[in-house]
Amino acid sequence: MNNYRYLLIQIRDFEDPIRRQEIGCFADALRCPQESITIFDLLSTSLDASHLAEVDMVMIGGSGRYSVTSDAPWMQRALVSLQRLLDSGKPTFASCWGFQSLARAAGGKVIHDLEHAELGTSLVTLTEAGMLDPIFSHLPESFEAYMGHEDRVIELPPGTTLLASTERVAQQAFRFDGRPIYCTQFHPELTLPTLVSRVEAYPEYCERIAKVPYHVFRGQCQAAPQCETLLRLFRDHFLG
(Lines give C-alpha, C1' and ligand atoms only; values in the text may rest on other atoms or scores of the structure.)
Protein backbone atom coordinates (compact mmCIF):
# COMPACT_ATOMS: atom_id res chain seq x y z
CA MET A 1 0.00 0.00 0.00
CA ASN A 2 1.27 3.48 -0.89
CA ASN A 3 1.68 6.33 1.58
CA TYR A 4 0.05 9.09 -0.45
CA ARG A 5 -1.58 11.93 1.45
CA TYR A 6 -4.90 13.29 0.26
CA LEU A 7 -6.92 16.45 0.88
CA LEU A 8 -10.70 16.17 0.53
CA ILE A 9 -12.39 19.54 0.13
CA GLN A 10 -15.93 19.35 1.47
CA ILE A 11 -18.89 21.69 1.06
CA ARG A 12 -21.29 20.14 3.55
CA ASP A 13 -22.98 21.24 6.77
CA PHE A 14 -21.65 19.62 9.91
CA GLU A 15 -24.94 17.78 10.46
CA ASP A 16 -25.10 16.55 6.85
CA PRO A 17 -25.56 12.75 7.08
CA ILE A 18 -23.34 12.26 4.03
CA ARG A 19 -20.37 14.15 5.45
CA ARG A 20 -18.77 11.00 6.89
CA GLN A 21 -20.00 8.75 4.11
CA GLU A 22 -18.21 10.87 1.51
CA ILE A 23 -14.86 10.36 3.24
CA GLY A 24 -15.36 6.60 3.19
CA CYS A 25 -16.38 6.71 -0.46
CA PHE A 26 -13.16 8.42 -1.52
CA ALA A 27 -11.06 6.14 0.67
CA ASP A 28 -12.67 3.04 -0.83
CA ALA A 29 -12.35 4.37 -4.38
CA LEU A 30 -8.63 5.05 -3.83
CA ARG A 31 -8.18 1.87 -1.75
CA CYS A 32 -6.47 3.88 0.94
CA PRO A 33 -7.10 4.16 4.71
CA GLN A 34 -9.38 7.00 5.75
CA GLU A 35 -6.52 8.27 7.93
CA SER A 36 -4.68 9.19 4.72
CA ILE A 37 -7.37 11.76 3.91
CA THR A 38 -7.34 15.21 5.52
CA ILE A 39 -10.68 17.04 5.46
CA PHE A 40 -10.90 20.70 4.48
CA ASP A 41 -14.15 22.61 5.11
CA LEU A 42 -14.50 25.10 2.26
CA LEU A 43 -17.68 26.59 3.71
CA SER A 44 -15.86 28.15 6.66
CA THR A 45 -12.17 28.26 5.72
CA SER A 46 -10.14 29.78 2.89
CA LEU A 47 -7.61 27.55 1.17
CA ASP A 48 -3.98 28.66 1.01
CA ALA A 49 -0.59 27.20 0.17
CA SER A 50 -0.07 25.74 3.64
CA HIS A 51 -3.08 23.45 3.22
CA LEU A 52 -1.67 22.07 -0.03
CA ALA A 53 1.97 21.73 0.97
CA GLU A 54 1.57 18.51 2.94
CA VAL A 55 -0.62 16.55 0.51
CA ASP A 56 0.00 14.73 -2.75
CA MET A 57 -3.49 14.92 -4.26
CA VAL A 58 -6.67 16.94 -3.80
CA MET A 59 -10.27 15.76 -4.26
CA ILE A 60 -13.50 17.74 -4.36
CA GLY A 61 -16.84 15.96 -4.25
CA GLY A 62 -20.51 16.85 -3.94
CA SER A 63 -22.13 19.49 -1.79
CA GLY A 64 -25.37 18.27 -0.35
CA ARG A 65 -27.50 21.39 -0.61
CA TYR A 66 -25.13 24.10 -1.88
CA SER A 67 -25.25 25.42 -5.44
CA VAL A 68 -22.28 26.62 -7.47
CA THR A 69 -24.55 29.25 -9.02
CA SER A 70 -24.86 31.07 -5.69
CA ASP A 71 -23.43 34.58 -5.35
CA ALA A 72 -23.45 34.43 -1.55
CA PRO A 73 -20.28 35.54 0.31
CA TRP A 74 -19.28 31.93 1.08
CA MET A 75 -19.26 31.12 -2.64
CA GLN A 76 -17.20 34.18 -3.52
CA ARG A 77 -14.62 33.16 -0.90
CA ALA A 78 -14.69 29.60 -2.20
CA LEU A 79 -14.01 30.74 -5.77
CA VAL A 80 -10.89 32.61 -4.61
CA SER A 81 -9.69 29.45 -2.83
CA LEU A 82 -10.35 27.33 -5.90
CA GLN A 83 -8.41 29.74 -8.09
CA ARG A 84 -5.47 29.26 -5.71
CA LEU A 85 -5.86 25.51 -6.08
CA LEU A 86 -5.84 25.77 -9.87
CA ASP A 87 -2.72 27.94 -9.78
CA SER A 88 -0.92 25.53 -7.46
CA GLY A 89 -0.59 22.73 -10.01
CA LYS A 90 -1.46 20.16 -7.35
CA PRO A 91 -2.97 16.96 -8.84
CA THR A 92 -6.72 17.43 -8.37
CA PHE A 93 -9.75 15.30 -9.16
CA ALA A 94 -13.11 17.05 -8.84
CA SER A 95 -16.55 15.47 -9.16
CA CYS A 96 -20.08 16.94 -9.26
CA TRP A 97 -19.97 20.20 -7.23
CA GLY A 98 -16.20 20.17 -7.65
CA PHE A 99 -16.59 19.84 -11.43
CA GLN A 100 -18.96 22.81 -11.55
CA SER A 101 -17.02 24.98 -9.12
CA LEU A 102 -13.65 24.57 -10.85
CA ALA A 103 -15.33 25.32 -14.15
CA ARG A 104 -16.77 28.55 -12.73
CA ALA A 105 -13.53 29.51 -10.96
CA ALA A 106 -11.62 29.20 -14.24
CA GLY A 107 -14.08 31.23 -16.30
CA GLY A 108 -16.69 28.71 -17.40
CA LYS A 109 -20.46 29.07 -17.02
CA VAL A 110 -22.75 27.10 -14.69
CA ILE A 111 -26.55 27.30 -14.52
CA HIS A 112 -29.33 25.75 -12.46
CA ASP A 113 -31.27 23.56 -14.89
CA LEU A 114 -33.76 21.12 -13.42
CA GLU A 115 -34.89 20.09 -16.91
CA HIS A 116 -31.47 18.54 -17.57
CA ALA A 117 -30.87 17.22 -14.05
CA GLU A 118 -29.61 13.64 -13.71
CA LEU A 119 -30.00 11.20 -10.83
CA GLY A 120 -29.07 7.53 -10.69
CA THR A 121 -26.98 5.94 -13.41
CA SER A 122 -26.57 7.30 -16.95
CA LEU A 123 -24.62 6.19 -20.00
CA VAL A 124 -21.53 8.35 -20.55
CA THR A 125 -19.83 8.43 -23.96
CA LEU A 126 -16.25 9.55 -24.54
CA THR A 127 -15.41 12.29 -27.01
CA GLU A 128 -12.61 11.72 -29.51
CA ALA A 129 -10.29 13.53 -27.10
CA GLY A 130 -11.53 11.28 -24.30
CA MET A 131 -10.72 8.16 -26.26
CA LEU A 132 -7.16 9.45 -26.68
CA ASP A 133 -6.78 10.76 -23.14
CA PRO A 134 -4.13 8.97 -21.02
CA ILE A 135 -6.67 8.31 -18.25
CA PHE A 136 -10.07 8.01 -19.93
CA SER A 137 -8.68 5.84 -22.72
CA HIS A 138 -8.57 2.99 -20.19
CA LEU A 139 -12.39 3.02 -20.14
CA PRO A 140 -14.83 1.74 -22.79
CA GLU A 141 -16.12 4.26 -25.31
CA SER A 142 -19.44 4.20 -23.40
CA PHE A 143 -19.94 3.29 -19.74
CA GLU A 144 -22.45 3.76 -16.94
CA ALA A 145 -21.75 6.43 -14.32
CA TYR A 146 -23.33 7.57 -11.05
CA MET A 147 -25.21 10.88 -11.27
CA GLY A 148 -26.79 13.39 -8.93
CA HIS A 149 -27.03 17.05 -10.00
CA GLU A 150 -29.39 19.90 -10.84
CA ASP A 151 -26.77 22.49 -11.81
CA ARG A 152 -24.76 21.92 -14.98
CA VAL A 153 -21.84 23.43 -16.84
CA ILE A 154 -22.95 24.93 -20.13
CA GLU A 155 -19.63 26.52 -21.10
CA LEU A 156 -16.22 25.06 -20.31
CA PRO A 157 -13.45 27.42 -19.20
CA PRO A 158 -10.64 28.34 -21.60
CA GLY A 159 -7.71 25.95 -21.74
CA THR A 160 -9.74 22.80 -21.11
CA THR A 161 -10.70 19.76 -23.19
CA LEU A 162 -14.07 18.00 -23.14
CA LEU A 163 -13.66 14.27 -22.48
CA ALA A 164 -17.17 12.84 -22.11
CA SER A 165 -20.90 13.56 -22.51
CA THR A 166 -24.34 12.07 -21.91
CA GLU A 167 -27.43 12.52 -24.07
CA ARG A 168 -28.86 14.98 -21.56
CA VAL A 169 -25.71 16.91 -20.57
CA ALA A 170 -22.87 17.52 -23.00
CA GLN A 171 -20.28 18.58 -20.40
CA GLN A 172 -19.68 15.47 -18.30
CA ALA A 173 -15.89 15.43 -17.98
CA PHE A 174 -13.02 17.72 -18.85
CA ARG A 175 -9.34 18.21 -18.13
CA PHE A 176 -7.28 21.35 -17.72
CA ASP A 177 -4.74 21.26 -20.54
CA GLY A 178 -1.16 21.07 -19.30
CA ARG A 179 -2.24 20.71 -15.66
CA PRO A 180 -2.93 17.58 -13.58
CA ILE A 181 -6.56 18.52 -12.98
CA TYR A 182 -9.54 16.41 -14.10
CA CYS A 183 -13.21 17.05 -13.45
CA THR A 184 -16.32 14.90 -13.86
CA GLN A 185 -19.98 15.81 -13.46
CA PHE A 186 -20.59 12.22 -12.39
CA HIS A 187 -19.38 10.55 -9.19
CA PRO A 188 -16.54 8.01 -9.65
CA GLU A 189 -16.11 7.89 -5.86
CA LEU A 190 -19.48 6.15 -5.48
CA THR A 191 -20.63 2.56 -5.79
CA LEU A 192 -24.17 1.34 -6.33
CA PRO A 193 -24.81 0.85 -2.57
CA THR A 194 -23.41 4.28 -1.66
CA LEU A 195 -25.36 5.94 -4.47
CA VAL A 196 -28.70 4.59 -3.30
CA SER A 197 -27.95 5.30 0.35
CA ARG A 198 -26.98 8.88 -0.54
CA VAL A 199 -30.23 9.43 -2.43
CA GLU A 200 -32.11 7.97 0.54
CA ALA A 201 -30.50 10.68 2.69
CA TYR A 202 -31.70 13.38 0.28
CA PRO A 203 -35.25 12.19 -0.57
CA GLU A 204 -36.20 15.56 -2.03
CA TYR A 205 -33.86 14.90 -4.98
CA CYS A 206 -35.58 11.63 -5.78
CA GLU A 207 -38.95 13.39 -5.86
CA ARG A 208 -37.72 16.42 -7.78
CA ILE A 209 -35.41 14.81 -10.36
CA ALA A 210 -36.33 11.13 -10.78
CA LYS A 211 -40.03 11.84 -10.15
CA VAL A 212 -40.58 8.34 -8.80
CA PRO A 213 -40.75 6.95 -5.25
CA TYR A 214 -37.44 5.96 -3.70
CA HIS A 215 -38.12 2.21 -3.87
CA VAL A 216 -38.78 2.52 -7.63
CA PHE A 217 -35.70 4.68 -8.16
CA ARG A 218 -33.48 2.20 -6.32
CA GLY A 219 -34.56 -0.59 -8.67
CA GLN A 220 -33.75 1.52 -11.73
CA CYS A 221 -30.08 2.04 -10.79
CA GLN A 222 -27.32 -0.28 -11.90
CA ALA A 223 -23.68 -0.83 -11.05
CA ALA A 224 -21.06 1.25 -12.91
CA PRO A 225 -17.78 -0.64 -12.36
CA GLN A 226 -15.79 1.15 -15.08
CA CYS A 227 -16.67 4.53 -13.56
CA GLU A 228 -15.41 3.31 -10.19
CA THR A 229 -11.85 2.91 -11.55
CA LEU A 230 -11.30 6.54 -12.51
CA LEU A 231 -9.88 7.89 -9.26
CA ARG A 232 -7.26 5.15 -9.09
CA LEU A 233 -6.39 5.65 -12.76
CA PHE A 234 -5.93 9.37 -12.10
CA ARG A 235 -3.85 8.80 -8.96
CA ASP A 236 -1.63 6.21 -10.58
CA HIS A 237 -1.07 8.35 -13.68
CA PHE A 238 -0.01 11.49 -11.85
CA LEU A 239 1.54 10.06 -8.70
CA GLY A 240 3.03 6.91 -10.20
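Contact here means heavy atoms within 4.5 Å, and helices (H or I, at least four residues) and strands (E, at least two) are DSSP runs, numbered from the N terminus. The structure is a predicted model, in which local features need pLDDT of at least 70 and side-chain atom pairs count only at pLDDT 80 or more, while totals for chains, interfaces and linings use all residues. Residues are numbered from 1 along each chain as its sequence is written, and side-chain values use heavy atoms, with hydrogens and water left out.

To start with a helix pair, Trp-74, Met-75, Gln-76, Leu-79, Leu-82, Gln-83 and Leu-86 of H3 meet Trp-97, Ser-101, Leu-102, Arg-104 and Ala-105 of H4. Sorted by type, the residues of this H3 and H4 contact come out as eight nonpolar, three polar and one charged; Ala, Val, Leu, Ile, Met, Phe, Trp, Tyr, Cys and Pro count as nonpolar, Asp, Glu, Lys and Arg as charged, and the others, Gly among them, as polar. H3 spans residues 73–88, and its axis runs 9 Å from that of H4, at an angle of about 80°. Axes are lines fitted to C-alpha atoms, for helices over the stretch in contact, and angles run from 0 to 180 degrees between N-to-C directions. The two helices, H3 and H4, are therefore roughly perpendicular to each other (angles under 35 degrees count as roughly parallel, over 145 as roughly antiparallel, 65 to 115 as roughly perpendicular and the rest as oblique).

H4 itself covers residues 97–105 and holds Gln-100. With a relative accessibility of 4%, Gln-100 counts as buried; buried means under 20% relative accessible area, exposed over 50%, and partly exposed in between (1.4 Å probe, protein chains only). The side chain of Gln-100 makes a polar contact of 3.1 Å with the side chain of Gln-185. For such a contact, a pair of N or O atoms must lie within 3.5 Å; within protein, one must be able to donate a hydrogen and the other to accept it, and residues adjacent in sequence count only if both atoms are side-chain atoms. Neighbours within four places in sequence aside, Gln-100 is in contact with Val-68, Val-110, His-149, Asp-151, Arg-152, Val-153 and Gln-185.

Another glutamine, Gln-172, sits in the loop between strand E9 (160–165) and strand E10 (173–176). Gln-172 counts as buried, at 0% relative accessibility, and its side chain is joined to that of Thr-166 by a polar contact of 3.3 Å. Among the residues Gln-172 touches, not counting those up to four places away in sequence, are Phe-99, Met-147, His-149, Gln-185 and Phe-186. Strand E10 also contains Phe-176, which is buried at 1% relative accessibility. Beyond four places in sequence, Phe-176 touches Leu-86, Leu-102, Ala-106, Pro-157, Gly-159, Thr-160, Ile-181 and Cys-183.

Now for the nonpolar cores. A nonpolar core is a set of buried Ala, Val, Leu, Ile, Met, Phe, Trp, Tyr and Cys residues joined through side-chain atoms within 4.5 Å. The largest one has 46 residues, of which Met-59, Phe-136 and Phe-186 touch the most other members. H1 gives the most to this core, with seven residues. A second, separate core of 32 residues includes Val-68, Ala-94, Phe-99 and Val-153. As for Phe-186, its contacts beyond four places in sequence include Ser-95, Cys-96, Phe-136, Gln-172, Cys-227 and Leu-230.

Leu-230 is also one of the buried residues of helix H9 (residues 230–239), along with Leu-231, Arg-232, Phe-234 and Arg-235. The cover over these buried H9 residues includes strand E1 (6–10), H1, strand E3 (57–60), E4 and strand E11 (181–184). Just after H9, Gly-240 takes a positive phi of about 80°.

Most residues other than glycine have a negative phi. Arg-31, however, is not a glycine and has a positive phi of about 55°; its place is in the loop between helix H1 (18–30) and strand E2 (37–41). Cys-96 also has a positive phi, near 55°, and is found in the loop between strand E4 (92–95) and H4. Arg-31 is exposed, with a relative accessible area of 59%, whereas Cys-96 is buried at 8%.

Finally, Ser-50 is found in helix H2 (residues 49–53) and is partly exposed, with a relative accessible area of 49%. The side chains of Ser-50 and Asp-48 are joined by a polar contact of 2.4 Å.
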